[in-house]
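Work through the exercises below with the sequence and the 3D view open. Try each task before you read its solution.

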Amino acid sequence: MFGLKQPTETREHTGSYYAASANWQTNYPTLQGIHNTDVAIVGGGFTGVNTALELAERGFQVTLIEANKISWGATGRNGGQIIGGIGHSLNRFEKYVGQQGLRAIYDMGVECTNIIRERVARYDIDCDLTWGYCDVALKPRHLREFEAEKSYQERMGYPHPLELLDRDQIQQEVNSPIYLGGLLNRQGNGHCHVLNLCLGEARAAETLGAKIFENSRVTRLVEGTHPEVHTDSGIVKAKHVVLCGNAYLGDLVPTMSARIMPSNSSVITTEPLSAAQAKSIMPGNRAVCDPRTALDYFRLTADNRLLFGGLSNYTGREPSDLFGVMRGKLEKVFPQLAGVKLEHGWSGQMGIGINRMPQLGRLNGNVYYIQAYSGHGVAPTHMMARITAEMIAGQAERFDVFAKIPHWPFPGGKWLRTPSFALAMLYYKIRDEL
Ligand SMILES: Cc1cc2nc3c(=O)[nH]c(=O)nc-3n(C[C@H](O)[C@H](O)[C@H](O)COP(=O)(O)OP(=O)(O)OC[C@H]3O[C@@H](n4cnc5c(N)ncnc54)[C@H](O)[C@@H]3O)c2cc1C
């Protein structure tokens with residue numbers, strides 16, 4: 001009988017810097033019994049929470065069901081880099097969406113960072129939001145790519161100035177001996193405390209009437225025009241369901257899991273550095289990425305730690321020596337930090353799709369899904385949530401642009417996709433080194 005079974009497992013946040021410095025702990029109830037709602041949302045990361053918020057802002061009755069804690073997945077574990085743009089290499093998709101569709105996707109890539117800017121201001125969210133981002137070049141060909149990128153953005157009318165930096169100028173932003181130059185974006189991209197951002201967004205949704213449940217894994221989905229989601233102890237009957245479990249959704253819907261590769265990335269933070277030391281390594285306090293497929297990404301936190309992340313291996317699993325592997329990467333970029341004390345280390349799963357464009361679509365009846373940001377989701381999640389809410393509210397135009405893009409299953413199915421991915425990553429790593 002529903003309502004009688006007590007939860008047997010409480011899944012707390014991973015031991016991250018974010019969890020250790022969260023503004024508050026959420027303690028939403030476990031789903032019990034039968035509930036009716038306009039929209040049931042499965043998954044409480046940026047995608048699910050922002051879909052809930054967008055819908056609650058439009059007056060829908062929303063019920064969000066999270067298997068663990070709000071922001072427990074990639075959302076509460078990532079590098080905190082807010083980077084505009086949706087997907088990678090947009091022009092590849094012209095044959096599916098046309099010139100107009102490409103323009104719409106480009107514009108959404110600008111809008112997505114603005115959503116965060118507006119949301120933080122409107123709901124007064126305390127999340128260390130800091131603007132400023134820099135791509136860094138390891139090879140002369142990266143500098144040529146940055147020049148091409150700057151020209152492309154200018155042709156498209158990107159609203160923030162971009163500056164090319166040479167070897168001397170990059171030192172004023174990132175004091176590392178390994179970079180040849182960079183592309184600086186002072187206002188359009190940035191970084192923040194992602195767990196606190198998502199907690200603030202969840203609280204905003206709750207204030208607008210959204211019901212939130214934690215420790216409630218959805219184990220069964222009933223598709224159709226009267227969809228339902230079931231957990232061990234409850235059922236939500238809805239007019240619409242939106243699936244936002246991404247890399248952690250498992251096999252709830254096999255056609256979705258076949259199109260996504262859960263892939264591991266790991267992050268470490270140092271102990272707080274002195275203000276002088278922090279300024280000396282990252283004078284510009286920007287979020288930083290290099291252009292490789294298995295990239296390094298890093299930034300300072302508000303309490304002057306260096307937060308440093310990277311794709312740690314090609315098997316999709318956390319490395320057994322996480323601190324050792326990640327320290328090696330950090331000290332290659334900043335040899336002056338050799339031996340620095342590391343205080344937090346953790347990993348998370350991101351959903352990778354074959355064409356690296358977020359996957360949005362509709363299953364049978366009123367069931368929608370959003371997944372596969374391919375490592376670049378902090379800002380895009382906010383956009384995909386908005387257009388899914390628009391779709392449910394009756395404006396399908398922007399959702400339909402994405403729904404036109406086909407997404408193929410990974411070859412080899414569930415068992416062979418990991419070795420195939422490892423091989424593909426190895427290919428890209430070799431190519432990156434040339
Ligand atoms: C280590 C790491 C570093 C990253 N760095 C960056 C970065 O710096 N910048 C950037 O733009 N992107 C980054 N990303 C990617 C970004 O974090 C993700 O794209 C984004 O957070 C995805 O959000 P989401 O809500 O779709 O998924 P998630 O945050 O993973 O949330 C999914 C949620 O669904 C829940 N769930 C799953 N199945 C069920 C179920 N059956 N029932 C109920 N709940 C369920 C999970 O518990 C989870 O909380 C990084 C990712 C990782 C892992």
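Predicted model: local features only at pLDDT ≥ 70, side-chain atom pairs only at ≥ 80, totals over all residues.

Residues are numbered from 1 along each chain as its sequence is written, and side-chain values use heavy atoms, with hydrogens and water left out.

**Exercise 1. Domains**

Task: State how the chain is divided, and describe how domain 1 and domain 2 meet.

Solution: 
- Step 1. Domain 1 covers 17–21 + 29–78 + 195–260 + 355–424, and domain 2 covers 129–192 + 261–352. These bounds come from an automatic or database domain assignment.
- Step 2. Taken over C-alpha atoms, the centres of domain 1 and domain 2 are 28 Å apart.
- Step 3. Count the contacts (heavy atoms within 4.5 Å). 20 residues of domain 1 touch 22 residues of domain 2 in this sense.

**Exercise 2. The largest nonpolar core**

Task: Find which residues of the largest nonpolar core touch the most other members, and say where this core lies.

Solution: 
- Step 1. A nonpolar core is a set of buried Ala, Val, Leu, Ile, Met, Phe, Trp, Tyr and Cys residues joined through side-chain atoms within 4.5 Å. Buried means under 20% relative accessible area, exposed means over 50%, and partly exposed is in between (1.4 Å probe, protein chains only).
- Step 2. The largest core has 74 residues, and Ile-41, Ile-70, Ile-86, Ile-105, Met-384 and Phe-402 touch the most other members.
- Step 3. Helix α3 (residues 94–122) gives the largest share, 10 residues. Helices (H or I, at least four residues) and strands (E, at least two) are DSSP runs, numbered from the N terminus.
- Step 4. Both domain 1 and domain 2 give residues to this core, so it lies between them.
- Step 5. Zoom in on Ile-105. Leaving aside neighbours within four places in sequence, Ile-105 contacts Ile-86, Leu-90, Val-97, Met-357, Val-401, Phe-402 and Ile-405.
- Step 6. A second, separate core has 25 residues, among them Met-282, Val-333, Val-340 and Leu-342.

In soluble globular proteins, nonpolar side chains tend to be buried together.

**Exercise 3. The cavity**

Task: Count the cavities of 30 Å³ or more, then name the residues that line the largest cavity.

Solution: 
- Step 1. A cavity is a set of points where a 1.4 Å probe fits but cannot get out, and lining residues have an atom within 4 Å of a point. Points are joined across faces, edges and corners, and the volume is the space filled by probe spheres set on them.
- Step 2. The count is one cavity of 30 Å³ or more. The largest cavity holds about 30 Å³ of space.
- Step 3. Its lining consists of Gly-84, Gly-109, Val-110, Thr-113, Asn-114, Tyr-158, His-160, Gly-188 and Asn-189.
- Step 4. α3 and β6 (181–191) each supply at least two lining residues. α3 gives the largest share, four residues.
- Step 5. Sort the lining by class: two nonpolar, seven polar and no charged residues. Here Ala, Val, Leu, Ile, Met, Phe, Trp, Tyr, Cys and Pro count as nonpolar, Asp, Glu, Lys and Arg as charged, and the others, Gly among them, as polar.

**Exercise 4. Positive phi**

Task: Describe the phi and the place of Asn-215 and Arg-356.

Solution: 
- Step 1. Recall the background: most residues other than glycine have a negative phi.
- Step 2. Asn-215 is not a glycine, yet has a positive phi of about 50°. Asn-215 lies in the loop between β7 (211–213) and β8, and is buried at 16% relative accessible area.
- Step 3. Arg-356, also not a glycine, has a positive phi of about 60°. Arg-356 is in the loop between β15 and β16 (359–362), and at 36% counts as partly exposed.

Definitions and conventions
1 Å grid on protein atoms, 1.4 Å probe; cavity = no way out; pocket = protein on both sides within 12 Å on 5 of 7 lines; lining within 4 Å.
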